Amino acid sequence: MFCLVFVEHIQYNNIQIIEEKERNLAMQSVIKNMDVQHKNDESLKSLRHDMKNHLVTIQYLIENNQLRKAIDYTKNLSTQYTQPNFTVNTGHIALDGLLTQKINDAENNNIPVTINADYTYIDSIKDIDLCVIFGNALDNAIEACQKIKNIDERFIDIKIHHKANYIFIVIKNAYSGFLEKSTLKTTKKDNYLHGIGLKNIRATVKQYNGYMNIHTDDSIHQFILTLSLPIV
């Protein structure tokens, strides 16, 4: 009996340590995403500022039949000012950086993402909590889609809207195989870590007296995460 209690105590402590690491990672991610978004914005500002001079140079090279140099110049310019394939502009810099990063990660893995969002009241949720919610939800969605061999069946759909003083966040994604709805067992090797991401989302939503609902449909292999948070 003592051994059983001791093992459970160790497992509880391990989970507490993991959750603390998750919170620290969330804060680091917020800072990183804000930095990424700031750098992207600064890069665009720099490009706009110098564009006239770049065009003058390219025009001069073309007019003087220096086509190879003009081509090389444009290639270097393209490399220097490479931007993400998809950028999000919510007016909320932390969320912009996070969504931009995750959506581009998804599309780089042949996972199409659609987003239909009203961000009017999104700033009523703290930066770190947005990171926990969207970071974990999209990481899970991307991981699930990566396991689908037929890339035509992969998708992630993000919806954010408000109704009756609540913000609703709905994230849908495809998955392969079958999920045990009672436990949502993962295929990850560390079984005791299973559900930490969803658990952290649930705990975050609970802080706002909100609700979290999960729906899965094995017939069409669709996972739906729905969050409702009161507007404060």
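Guide: Tyr 211 has Ser 228 in E5 as its bridge partner. The model is predicted, so local features need pLDDT of at least 70 and side-chain atom pairs pLDDT 80 or more, while totals for chains, interfaces and linings use all residues. Residues are numbered from 1 along each chain as its sequence is written, and side-chain values use heavy atoms, leaving out hydrogens and water.

E4 and E5 are joined by seven bridges and run antiparallel. Strands here are DSSP runs of E with at least two residues, helices are runs of H or I with at least four, and both are numbered from the N terminus; two strands pair if DSSP finds at least two bridges between them. Four residues lie between the strands in the hairpin of E4 and E5, where His 221 takes a positive phi near 55 degrees.

The open sheet has five strands in the order E1-E2-E3-E5-E4, with mixed pairing. Its edge strands, E1 (113-117) and E4 (211-217), each pair on one side only. On average, neighbouring strands are turned by 10 degrees against each other, direction ignored; axes are lines fitted to C-alpha atoms, for helices over the stretch in contact, and angles run from 0 to 180 degrees between N-to-C directions.

Val 113 stands opposite Ile 156 in E2. Helix H3 (residues 93-108) packs on the sheet, touching E1 and E2, and its direction makes about 150 degrees with that of E1; contact means heavy atoms within 4.5 Å. Helix H5 (residues 196-207) also packs on the sheet, touching E4 and E5 (222-230), at about 145 degrees to the direction of E4.
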